[in-house]
Amino acid sequence: MQQREKRPFSFYILAAFFALFVLFLYGPMSAIFILSFQGPNGGLTFPLNGVSVHWFGNLFEKQAVGDFGASFSRSLLLGLMVMVSTVLVALLAGLAFRRRFLGGTPLFYLTIASLVVPSIIVSLGIGVLFQQIGFRPAWWTSGFGAHLTWTLPFGVLIMFAVFNRFSPSYEEAARDLGASPWQTFRHVLLPMIAPSLIGVGLFGFSLSYDEFARTLMTAGTFNTLPLEIYGMTTNVTTPVLYALGTVTTLFSFAVILLTLGIILLIRRKRARA
Amino acid sequence: MAVADQSIAVPTSKPKTRKTPLSFGRLASYLQSIPLCLILGFFLLLPILLLVFVSFWDYDFARMYPGFVFTNYVETLGSWVTWKTYLNTLKFAAIVWALTLFIGFWVAYFLAFHVRSATMQMVLFLVCTVPFLTSNIIRMISWIPVLGRNGLVNSTLVEMGVISQPIEWLLYSDFAVVLAMVHLFTLFMVTPIFNTLMRIDRSLIEAARDAGASAWQIMWNVILPLAKPGMAIGTIFVVTLVMADFSTVQVMSGGQSASVALMMKNQMSLLQYPAAAANAVVLLVLVLLLVGGILRIVDIRKEL
């Protein structure tokens, strides 16, 4: 082994700064993780008054938190719908933008606009639009569209970044060997960008699963999970709120880990092949 | 674009502007961009255009009346409360921007230049990104047991004898709002800055060092100018997120502070949609001006 270069003093300062930042990111979250195991008589703050899973049990009683199960399944389904649409639409748009085309620049700026337009304006706009054309807003119509205005720009920008780094020589080689455009896409391009597409899917799902400003006026009669939680922040004064927070955060972590696992698996498989 | 339109309309006037007027590739591009076009057209462009119209409509407690009145703008812009709210929102944006830029830059700098193994870099970067993919509301309310009157910080300080009374302004104050926003939005600074820092050619830094530049000079004259695009993109994210925020302000200030979006949300809950629409238009113009200004510094398409 080569002798490692000595770390400069600034390294230690920055490392400490970084550690503080990570503590800042995760510290408060761990506070509610711990507090969700509060005993049955415990309150919203430390100290722990015994340790129990009382509040997790409480989650499944309707009178305590409203209908948690139903709003969770709505959010889950909506997240999956948004995920699939985001991947498909972003992939197609990414392919489109590999060539220059008339209207490409305005469309690009519209995509950027989708990212910067304040979420509440999107929410209000879609809400009023549905009201005016006489459609009832619902989470799977207006809510779905509102979420796409948030996930699509991320998807499209990621696909941009992917295709900017993608050498066309692979496709040229496939074409030279007699592959049809579809074969080139299916057997050359798609496998190479698959990990990025899974990443886009993760973004699509997670951003939708946690979104609530855009759902505010577009969810219709039935709440999604974040709306339910948002409502709870004002009227729930027991640790059941923390239990719910812990459960959905653990769910998000599980989704992230699963996705990373799949990406790693694909990479390993490819390295072996 | 004007030239292109002309060449389609009058093909004989400028036959050499394009080799193939509508090649397979270009047709494919059009088809592939249709879904994005339709979705953003219907769920972004159309609603915003409608809001511009609605902002001129009249309304009462029950419904809206299509028309062309300026009362919504006069009432909004003529009120001292509105101006104070806009100023307050801009104040939050400025403070949070400065803090996230500082923290984000040093975190990204540490990751890009001080972490040596690529695996470690990836792992630490993921550690920074994961909270972005979890619920904002949960991350926000997780400050309550930390900052509250009987929260972690106060009880620790009281026990240590640093203070005799719990500090009141930790929660439900502007301080809490800024803290929560920095907590929520710093990631949006870290990611783009990290991205640009990773693309800086390391030989530039070696060259600067060989030419006798001090560490400070390298930072100031080499790294910072090259990191500007990342900072600009991070700034766009952070500024627009703060300008659009209502939940953090509402929950963390305990109703004592206001933001434009929160004002809009209150108008919406009173069904005063035209008034909210007028605010939406003003806020949108403000945000687009800010973003337009930042985009003059950076070409996003080049940075991806």
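**Entry 1. Terms and a loop in chain B**

I take a helix to be a DSSP run of H or I with at least four residues, numbered from the N terminus. With that in hand I looked up B:Tyr172, which lies in the loop between helix H8 (152–160) and helix H9 (174–198) of chain B. I note that this is a predicted model.

I read a positive phi of about 55° for B:Tyr172, although this residue is not a glycine. Most residues other than glycine have a negative phi. I put B:Tyr172 down as partly exposed, because its relative accessibility is 40% and the class runs between 20% and 50%.

I found a second case at B:Leu271, also not a glycine, where phi is positive at about 60°. B:Leu271 sits in the loop between helix H13 (260–269) and helix H14 (273–295) of chain B. Its relative accessibility is 43%, so I list B:Leu271 as partly exposed.

**Entry 2. Chain B overall**

I counted 15 helices and 2 strands in chain B. For its 304 residues the globule rule gives 19 Å, but the radius of gyration is 25 Å, so chain B is more spread out than a compact globule. Along the principal axes I get a C-alpha trace of about 85 × 70 × 30 Å.

I find that 51% of the 304 residues of chain B count as buried. Of the contacts in chain B with a separation of 6 or more, 67% come from residues 24 or more positions apart.

**Entry 3. Chain A overall**

I looked up the secondary structure of chain A and found 11 helices and 0 strands. The radius of gyration of chain A is 23 Å, well over the 19 Å given by the globule rule for 273 residues, so this chain too is more spread out than a compact globule. I note a box of roughly 75 × 70 × 35 Å for its C-alpha atoms along the principal axes.

Buried residues come to 53% of the 273 in chain A. Of the contacts in chain A between residues at least 6 apart in sequence, 72% join residues at least 24 apart.

**Entry 4. Where chain A meets chain B**

I then turned to the contact, which takes 98 residues from chain A and 93 residues from chain B. The area buried between chain A and chain B is about 8400 Å², and carbon and sulfur atoms give 81% of it. I looked for salt bridges between chain A and chain B and the count is 0. Polar contacts do turn up: 9 residue pairs across the interface of chain A and chain B, both residues at pLDDT 80 or more.

On the side of chain A that touches chain B, the elements giving two or more residues include helix H1 (9–35), helix H4 (68–96) and helix H11 (240–272) of chain A. H1(A) gives the most, with 16 residues. By class I noted 69 nonpolar, 21 polar and 8 charged residues on this side of chain A.

**Entry 5. Salt bridges**

Over all chains the count comes to 4 salt bridges. I looked at three of these pairs.

The side chains of A:Glu171 and A:Arg98 meet at 3.0 Å, N to O. A:Glu171 is in helix H8 (residues 169–176) of chain A and A:Arg98 is in the loop between H4 and H5 of chain A, so the pair ties together parts that are 73 residues apart in sequence. A:Glu171 is buried, at a relative accessible area of 11%, while A:Arg98 is partly exposed at 31%.

In chain B I found B:Asp174 and B:Lys91 joined by a salt bridge of 3.0 Å, N to O. This pair links distant parts of the chain, with B:Asp174 in helix H9 and B:Lys91 in helix H4 (residues 80–114) of chain B, 83 residues apart. I have B:Asp174 as partly exposed at 31% and B:Lys91 as partly exposed at 35%.

A:Arg214 and A:Glu211 pair at 3.8 Å, N to O. Both of these residues are buried.

**Entry 6. Two buried spots in chain A**

I met A:Arg214 again at A:Ser123, where the contacts beyond four places in sequence include A:Ala213, A:Arg214 and A:Thr215. A:Ser123 is in helix H6 of chain A and is buried, with a relative accessible area of 0%. I also noted 8.5 Å between the C-alpha atoms of A:Ser123 and A:Gly143, which are 20 residues apart along the chain.

Last I checked H10(A), where 8 of the 11 residues are buried, so this helix is largely enclosed by the rest of the structure. Among the buried ones I list A:Leu225, A:Glu228, A:Tyr230 and A:Thr233.

How values were computed:
Residues are numbered from 1 along each chain as its sequence is written. Chains are lettered from A and ligands numbered from 1 in the order in which they are written. Side-chain values use heavy atoms; hydrogens and water are left out. Contact means heavy atoms within 4.5 Å. Buried area is the accessible area (1.4 Å probe) that two parts lose on being put together, summed over both. A polar contact is a pair of N or O atoms within 3.5 Å; within protein, one must be able to donate a hydrogen and the other to accept it, and residues adjacent in sequence count only if both atoms are side-chain atoms. Ala, Val, Leu, Ile, Met, Phe, Trp, Tyr, Cys and Pro count as nonpolar, Asp, Glu, Lys and Arg as charged, and the others, Gly among them, as polar. The radius of gyration is taken over C-alpha atoms; the globule rule is 2.2 Å times the number of residues to the power 0.38. Buried means under 20% relative accessible area, exposed over 50%, partly exposed in between (1.4 Å probe, protein chains only).
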